[in-house]
Protein chains: 2
Amino acid sequence: MGNADFGYPSKAKGDSNGVQRVEVPPKQPFFKSLNNNLKETFFPDDPLRQFKNKPASKKFILGLQYFFPIFEWAPRYTFQFLKSDLISGITIASLAIPQGISYAKLANLPPIYGLYSSFIPPLVYAMMGSSKDLAVGTVAVASLLTASMLGSEVHATENPTLYLHLAFTATFFAGVFQASLGLLRLGFIVDFLSHATIVGFMGGAATVVCLQQLKGILGLEQFTHSTDIISVMRSVFSQTHQWRWESGVLGCCFLFFLLVTRYFSKRKPKFFWISAMAPLTTVILGSLLVYLTHAEKHGVQVIGDLKKGLNPPSITNLVFVSPYLMTAIKTGIITGVIAMAEGIAVGRSFAMFKNYNIDGNKEMIAFGMMNIVGSCTSCYLTTGPFSRSAVNFNAGCKTAVSNIVMALAVMMTLLFLTPFFYYTPLVVLSAIIMSAMLGLIDYEAAIHLFKVDKFDFIVCMGAYLGVVFADIEIGLIIAVTISLLRLLLFVARPRTVVLGNIPNSKIYRNIEHYPNANQVPGVLILEIDAPIYFANSSYLRERIIRWIDEEEDRLKSSGECSLQYVLLDMSTVGNIDTSGISMLDEVKKILDRRDLKLVLANPVAEVVKKLDKAKFIENLGQEWIHLTVGDAVAACNFMLHTCNKRSPAKEESEQWNNIV
Amino acid sequence: MGNADFGYPSKAKGDSNGVQRVEVPPKQPFFKSLNNNLKETFFPDDPLRQFKNKPASKKFILGLQYFFPIFEWAPRYTFQFLKSDLISGITIASLAIPQGISYAKLANLPPIYGLYSSFIPPLVYAMMGSSKDLAVGTVAVASLLTASMLGSEVHATENPTLYLHLAFTATFFAGVFQASLGLLRLGFIVDFLSHATIVGFMGGAATVVCLQQLKGILGLEQFTHSTDIISVMRSVFSQTHQWRWESGVLGCCFLFFLLVTRYFSKRKPKFFWISAMAPLTTVILGSLLVYLTHAEKHGVQVIGDLKKGLNPPSITNLVFVSPYLMTAIKTGIITGVIAMAEGIAVGRSFAMFKNYNIDGNKEMIAFGMMNIVGSCTSCYLTTGPFSRSAVNFNAGCKTAVSNIVMALAVMMTLLFLTPFFYYTPLVVLSAIIMSAMLGLIDYEAAIHLFKVDKFDFIVCMGAYLGVVFADIEIGLIIAVTISLLRLLLFVARPRTVVLGNIPNSKIYRNIEHYPNANQVPGVLILEIDAPIYFANSSYLRERIIRWIDEEEDRLKSSGECSLQYVLLDMSTVGNIDTSGISMLDEVKKILDRRDLKLVLANPVAEVVKKLDKAKFIENLGQEWIHLTVGDAVAACNFMLHTCNKRSPAKEESEQWNNIV
């Protein structure tokens with residue numbers, strides 16, 4: 001079956017039969033299309049859809065339920081759910097208490113603030129959050145970031161009160177920033193932290209946190225305030241005489257125990273509670289050991305006094321005065337974004353398992369409120385950490401009530417159990433942090449990235465190396481910059497491919513992808529794989545001309561028909577701007593001079609509209625724009641001159657070209 | 001002719017006849033594809049193509065010709081060309097001398113440096129430049145930028161020597177920056193200044209420059225150093241008692257004369273030389289007038305002494321010491337980019353008229369060398385200004401020899417004619433600048449932008465208003481930021497459209513663009529108009545789910561067949577990253593749970609490769625990926641269940657969804 005039989009009948013048919021032509025899409029009033037665009041940008045989820053055609057009282061209830069999802073699910077809450085939530089709540093509390101204390105140490109804050117932060121924020125989230133599986137608490141990376149960013153301004157041990165107040169202030173700004181992003185529907189900013197960025201960043205942060213724990217494990221008193229691997233290593237090895245073997249042995253034993261339980265629980269998910277209970281177990285064992293052996297007098301540092309009682313108010317402690325305000329705002333925004341990205345990613349992952357939806361903007365409002373309230377009640381930055389949420393999920397939680405149960409358990413601890421932590425050795429906390437962090441170094445994901453997408457792997461390694469060798473912020477900036485460059489590069493250097501006809505069909509595809517596709521004699525078919533914007537219009541002009549030159553060289557050397565048509569398949573050109581239209585104009589002029597004809601196929605609505613307004617369609621001729629590549633080729637073939645090796649007009653124009 | 005007859009025969013045929021399937025493209029070794037990508041990014045013009053298979057001596061000559069195009073065209077230079085170049089060279093010299101003096105005043109430099117800058121740089125460009133029409137010289141915008149950026153650090157009248165040396169240093173850095181961009185093949189950075197940005201920026205700069213001329217026209221001695229319209233207006237109207245009417249009248253007359261000649265020449269391009277000679281005529285007339293009336297004693301400021309002689313060397317004047325180095329580098333880079341962008345755009349425009357090519361990277365090297373050499377010979381920043389090049393083109397120049405002629409004419413002026421400029425009134429220079437600037441305010445282009453592309457219009461107005469109301473740099477930053485945001489927004493918020501079948505064809509198109517296209521019962525066909533990257537993967541997941549929800553609502557309310565297939569037309573998805581693949585995975589899982597089937601049509605080579613590596617194809621099933629939407633619909637129809645209003649499985653899954 002030849003091309004003539006099968007490939008191009010529709011043209012002949014079309015003429016008599018009224019084949020579909022490319023049309024200028026129906027005009028829309030400017031404000032309507034502006035409105036549509038704004039809606040798609042900021043309200044892609046159409047949050048007001050459910051409010052349509054409802055009475056005012058119903059609207060109020062729906063609105064309340066939007067901001068406080070608890071009103072939506074509480075009426076349907078059953079005793080069955082409560083049983084599950086109780087179990088999971090107590091399980092996560094047993095993880096939350098040692099983790100809270102450990103991470104507060106990591107943030108250079110007194111340990112008690114870790115417990116405070118596991119009391120109020122979970123209650124707020126239980127009312128406002130839309131995830132059923134997220135367990136709220138402090139996270140290692142944000143804690144470390146707080147320590148390194150605030151620590152560069154105020155020394156945590158020399159001026160502990162100011163440092164503490166700055167931590168509250170940063171938390172306050174983090175909350176304000178999170179909530180406003182949510183309210184302003186700017187949640188998509190989080191999307192710019194790609195999966196690859198997060199893998200690399202988390203791995204790097206985990207490495208850095210582990211390195212910091214060498215202080216606790218080795219029982220060192222002096223330690224560098226930098227987080228990069230070189231400073232830390234220098235700090236560790238410059239004071240080998242200060243290493244305490246008691247501390248080291250204890251730390252390694254506990255770390256080994258924690259890793260073994262985690263490994264075991266991972267192999268048998270039914271025994272998740274073993275790994276969940278392990279931190280509390282190590283805390284109890286460690287404290288007992290110190291109490292019995294009086295190791296605190298032999299170089300094993302202990303937590304010491306923890307003040308009994310619930311969170312004191314801290315609203316008056318927020319610092320809004322000039323020299324520290326900028327530091328607090330900067331710390332708040334950066335830690336807020338990082339924490340939010342983790343929380344939302346975690347929430348989404350578990351929601352996917354259970355097949356329900358998480359609204360990113362709503363979650364941001366919940367996180368924001370939780371941190372604003374937290375900053376007024378002696379809490380520092382909280383979010384939904386992965387480890388705790390995974391335990392919550394595995395323990396079979398049904399709703400956010402598990403957070404309430406955890407908060408109550410922490411409350412009981414604060415009221416009655418704080419004295420029991422007096423003898424808890426710091427080395428146990430270091431071991432807990434290290435074991436949690438080792439799980440975050442996701443080398444398998446990095447290998448996957450390497451296999452599937454080299455560019456993503458570069459982003460990931462950029463983030464990792466930046467964090468480990470320079471600084472947490474620098475790693476993040478490197479990764480985001482590379483990611484954005486990739487987007488820009490996609491537009492700035494679009495792929496152009498030559499299409500050929502797939503035998504026995506009217507289909508035209510990339511001849512490199514489908515080697516059996518044949519180029520059409522006398523017609524060069526090019527596909528441009530990106531919108532034509534200012535950033536690529538010069539490039540595309542050069543590249544199209546080069547394709548034509550190369551094609552002519554090829555045809556000349558093989559003695560085939562000379563080129564007569566250049567067909568641009570515009571189906572993949574999503575949009576065009578005025579620079580792009582000028583480029584097409586120039587290409588048309590250049591082709592005209594070389595006695596070639598420009599033909600377009602299948603421009604999308606947006607492009608047709610603009611080409612029409614810019615009078616390009618008029619200039620090119622409506623008859624040179626076709627709905628499909630097949631139609632366009634048929635039209636070209638219909639008018640193709642008999643195969644002439646070199647047309648005289650072309651010779652002349654080439655001579656002209658060669659004139660100085 | 002129904003769908004069943006015409007639309008889907010190829011599937012039936014394909015099964016027996018071996019229809020083309022989507023295949024994983026042939027594997028390329030990693031380094032080969034990396035090499036290809038790097039080549040496309042940095043060497044899109046394949047500059048080494050002509051060096052292939054040539055002997056070493058030929059290669060050397062070609063290399064020399066690459067960097068010094070004069071060796072390419074000089075052997076073919078004829079007496080005929082010389083005649084044309086002589087005429088055009090003298091014409092542009094008559095424009096260059098008054099413009100040079102005026103722009104040097106604009107840059108707060110002694111007027112003689114404007115003449116110096118029209119002597120050496122044109123000679124360098126004549127050897128290295130690849131444009132035949134560009135006339136080299138200083139430009140108003142870059143001069144003003146130099147004044148405002150250096151002026152904020154060093155006062156031009158209080159410390160003139162340091163200021164002058166900084167101007168040379170900035171020129172040096174501009175040259176180094178330009179040349180290194182060219183050598184590093186980073187010319188595409190200039191492409192990020194879109195057409196719209198340049199229109200707005202040039203208009204704004206021209207407005208600002210005109211406003212600055214009020215000082216000269218009104219004969220004011222004190223004037224603000226800010227460039228924004230508010231400061232300038234305040235400065236002008238706060239000293240109305242200082243206005244000099246003699247100066248004002250003279251200025252207005254000359255401005256009127258210049259505008260009339262320009263208007264006349266524009267109407268009759270044959271008389272281009274009237275407008276080209278007009279500036280020199282006004283200078284001569286003005287000087288004569290002052291000389292005869294001794295107006296310099298009645299408040300009309302004159303140029304005064306101009307030192308006779310050629311450019312003194314200035315290489316020892318370059319300042320590389322700390323407090324001013326950063327200012328010089330910053331000024332150099334910004335003015336360098338702006339000047340280069342103008343020069344390349346101008347060169348390209350005229351090259352298009354004469355149908356030859358300008359190599360952006362080569363031009364940058366030429367501009368860079370011209371400024372490096374210039375900075376060592378008492379010249380400040382030069383490029384190819386539009387006005388001068390247009391006159392050159394109209395005067396019929398043939399090669400860069402016209403630049404040499406102009407340089408020689410300027411040399412004669414420097415050697416013998418400087419005393420004649422003693423009585424030239426400053427107000428004439430102001431009038432010359434103003435008349436040149438008014439031509440740069442391209443309101444017609446702005447109207448065109450508004451008509452064709454609203455976003456480009458916003459970019460243009462952002463640049464204009466930023467420059468006029470704030471600062472030249474701020475205007476530029478605003479415009480570039482908005483332009484980049486647009487690129488990011490294109491990727492972050494891609495359009496998704498529903499496709500329908502165009503009657504009596506196998507073609508599927510956007511149902512909003514082609515209202516006669518019909519949706520296929522039971523199949524939702526979506527097209528995604530952008531690459532699937534981290535920046536849009538969350539959005540696309542939400543949006544696809546929302547399309548499905550809306551479609552199901554529509555079908556339910558109209559009582560049609562329920563949805564069974566979701567078909568993604570991937571032809572317009574140019575690339576995908578790991579976040580995008582995870583998104584597809586998630587969408588597949590969600591659809592599986594809702595008892596819907598995901599089908600892909602026509603993924604491009606790059607996407608197929610990555611989906612294959614990530615095992616997504618295996619997971620989805622090779623049989624659910626089709627070469628065309630038509631094939632995919634045919635396959636769906638083949639397997640479509642009988643039209644069932646609600647399948648039981650779906651009821652169940654919805655119930656599950658509703659559980660808390």
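The dialogue below works through the chains, helix pairs and sheets of a predicted model.

User: What should I know about the numbering and the confidence limits before I read this model?

Analyst: Residues are numbered from 1 along each chain as its sequence is written, while chains are lettered from A and ligands numbered from 1 in the order in which they are written. The model is predicted, so local features need pLDDT of at least 70 and side-chain atom pairs count only at pLDDT 80 or more, whereas totals for chains, interfaces and linings use all residues.

User: What is the secondary structure of chain A, and what radius of gyration does chain A have?

Analyst: Chain A has 28 helices and six strands, where helices (H or I, at least four residues) and strands (E, at least two) are DSSP runs numbered from the N terminus. Its radius of gyration is 32 Å, whereas a compact globule of 660 residues would have one near 26 Å; the radius is taken over C-alpha atoms, and the globule rule is 2.2 Å times the number of residues to the power 0.38. The C-alpha trace of chain A spans about 105 × 70 × 55 Å along its principal axes.

User: How many residues of chain A and chain B are in contact?

Analyst: The size of an interface is often given as the accessible area lost when the parts come together, but here the description is by residue. In chain A, 76 residues are in contact with 76 residues of chain B, two residues being in contact if their C-beta atoms, placed from the backbone, lie within 7 Å. On the side of chain A that touches chain B, the residues divide into 33 nonpolar, 21 polar and 22 charged; Ala, Val, Leu, Ile, Met, Phe, Trp, Tyr, Cys and Pro count as nonpolar, Asp, Glu, Lys and Arg as charged, and the others, Gly among them, as polar.

User: How does one describe a helix pair, and at what angle do α21(B) and α22(B) cross?

Analyst: Two packed helices are described by the angle between their axes and the distance between the axes. Axes are lines fitted to C-alpha atoms, for helices over the stretch in contact, and angles run from 0 to 180 degrees between N-to-C directions. For helix α21 (residues 454-470) and helix α22 (residues 472-492) of chain B, the axes come within 6 Å and cross at roughly 160 degrees. The two helices are therefore roughly antiparallel, given that angles under 35 degrees count as roughly parallel, over 145 as roughly antiparallel, 65 to 115 as roughly perpendicular and the rest as oblique. Their crossing is right-handed; a crossing is left-handed if the near helix is turned anticlockwise from the far one by less than a right angle, and right-handed if clockwise. By class, the contact of α21(B) with α22(B) has 12 nonpolar, four polar and one charged residues.

User: Are α15(B) and α17(B) roughly parallel or roughly antiparallel to each other?

Analyst: In chain B, the axes of helix α15 (residues 322-354) and helix α17 (residues 386-394) come within 10 Å and cross at roughly 20 degrees, and α15(B) and α17(B) are therefore roughly parallel to each other. Glu342(B), Val346(B) and Phe350(B) in α15(B) meet Phe386(B), Ser389(B) and Phe393(B) in α17(B), a contact that divides into four nonpolar, one polar and one charged residues.

User: In what order do the six strands of the open sheet of chain B lie?

Analyst: Strands of a sheet pair through backbone hydrogen bonds, either parallel or antiparallel. In chain B the open sheet has the order β2-β1-β3-β4-β5-β6 with mixed pairing, two strands pairing if DSSP finds at least two bridges between them. The edge strands are β2 and β6 (625-626) of chain B, each of which pairs on one side only. Helix α23 (residues 534-558) of chain B packs on this sheet, touching β1, β3 and β4 of chain B, and its direction makes about 150 degrees with that of β3(B).

User: Which strands of chain B run antiparallel, and which pair in the parallel sense?

Analyst: Strand β1 (residues 496-501) of chain B pairs with strand β3 (residues 523-528) of chain B in the antiparallel sense over three bridges, and Val497(B) has Glu527(B) in β3(B) as its bridge partner. Three bridges also join β1(B) to strand β2 (residues 508-510) of chain B, again running antiparallel, with Asn510(B) in β2(B) as the bridge partner of Leu499(B). β1(B) and β2(B) form a hairpin with six residues between them, and Asn504(B) in the turn has a positive phi of about 60 degrees. Strand β4 (residues 565-569) and strand β5 (residues 597-601) of chain B pair in the parallel sense over five bridges, where Asp569(B) has Ala601(B) as its bridge partner in β5(B).
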